[in-house]
Amino acid sequence: MPSTPWPRPVLAANWKMNLGPAEARQFMAAYLAQPPARHAGSMIIFPPAVSLVAARDAAAARPGIQFGAQNIYWEDKGAFTGEISAPLARAAGATCVLVGHSERRHVFGETDEETGRKCEAAARTGLTPVLCVGETLGQREAGETETVVLRQLRAGLARLTREQVAGALLAYEPVWAIGTGRTATPADASTTHAALRVAVGVILGDPHHGVPILYGGSVNPGNAAALLAAPGVDGLLVGGASLDPASWAAIAASGERPD
Ligand code: PGA
């Protein structure tokens, strides 16, 4: 698993259950037709698994773009109908995988224990796990944000070696902000990112570690720059606004830094 530092900002597009192979090719052609953002950091696109190869092939002209799977099962192969394994995702061109996205947790009942197994499978296969954590509205209102996200963090990383933790990515995605149009304020994001950063520092025995922490939840071209400017926000994980090439290009442009 590469533990090279990720150029900031890390901009990640989660297409969820949208864009089949032909649409993925069209998206990439339209996106790549626009001038590349200057100093754009890192970019990872998470298409549906059936579109991974098409999206990756269509982006061959821009080798800096990485692709990832939205989910994996922790066994490498066998009789697990409907699942894809880390080696299969890798064979299709994935370098990363989302683990514990809130829709996996809340729609499909994925547990903390399962996120730990998935991160372990990703890391042993050479895929970078992008572990997603986030509290529900009820948990936030009950003052439990930090307890919840730190529990999810520790469980997700529990089976990784220190080196593998150092090579992972994190995404803080408050459940109440995903797909709702309600975004955490940059200050909310900074507060939770700071708690996550300290907790990773404790695991690694290194408070100055370089594990990137992305923010996700109703990011759009209008709020991306302010979120990226928030202290401790190393990148963005974008759902709905990543499905349109122009909107995704505008978000990528908000990661530009002056020369
Ligand atoms: P959203 O989704 O940007 O549509 O809120 C973010 C995510 O779920 O990763």
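This is a predicted model: local features need pLDDT of at least 70, side-chain atom pairs count only at pLDDT 80 or more; totals for chains, interfaces and linings use all residues.
Residues are numbered from 1 along each chain as its sequence is written, and side-chain values use heavy atoms, with hydrogens and water left out.

I begin with the ligand. There are 14 residues around the ligand, and K16, H101, E173, G179 and S218 come nearest; a residue counts as near if one of its heavy atoms lies within 4 Å. By class, this shell has five nonpolar, seven polar and two charged residues. Here Ala, Val, Leu, Ile, Met, Phe, Trp, Tyr, Cys and Pro count as nonpolar, Asp, Glu, Lys and Arg as charged, and the others, Gly among them, as polar.

Which atoms lie close to oxygen atoms of the ligand? A backbone N or O atom of G239 is 2.8 Å from a ligand oxygen, and for a polar backbone atom of G240 the distance is 2.9 Å. A polar side-chain atom of N14 lies 3.4 Å from an oxygen atom of the ligand. On its own the ligand has 280 Å² of accessible area, of which the protein covers 95%; these areas come from the Shrake-Rupley method with a 1.4 Å probe.

The largest pocket holds about 500 Å³ of space. Its lining comprises 18 residues, of which K16, Q70, N71, R104 and F108 are the closest to its centre. That lining divides into nine nonpolar, five polar and four charged residues.

A pocket is an open set of points on a 1 Å grid over the protein atoms alone, with protein on both sides within 12 Å along at least five of seven lines; in a cavity, a 1.4 Å probe fits but cannot get out, and lining residues have an atom within 4 Å of a point. A volume is the space filled by probe spheres set on the points.

How many cavities of 30 Å³ or more does the whole structure contain? The search finds one. The lining of the largest cavity includes H101, R105, C132 and E173. Helix 4 (102–106) and strand 5 (128–133) each give two or more residues to that lining.

Finally, the whole structure has 14 salt bridges, each a side-chain nitrogen of Lys or Arg within 4 Å of a carboxyl oxygen of Asp or Glu. R124 forms one with D76, their closest N and O atoms being 3.1 Å apart.

Notes:
A polar contact is a pair of N or O atoms within 3.5 Å; within protein, one must be able to donate a hydrogen and the other to accept it, and residues adjacent in sequence count only if both atoms are side-chain atoms. Helices (H or I, at least four residues) and strands (E, at least two) are DSSP runs, numbered from the N terminus.
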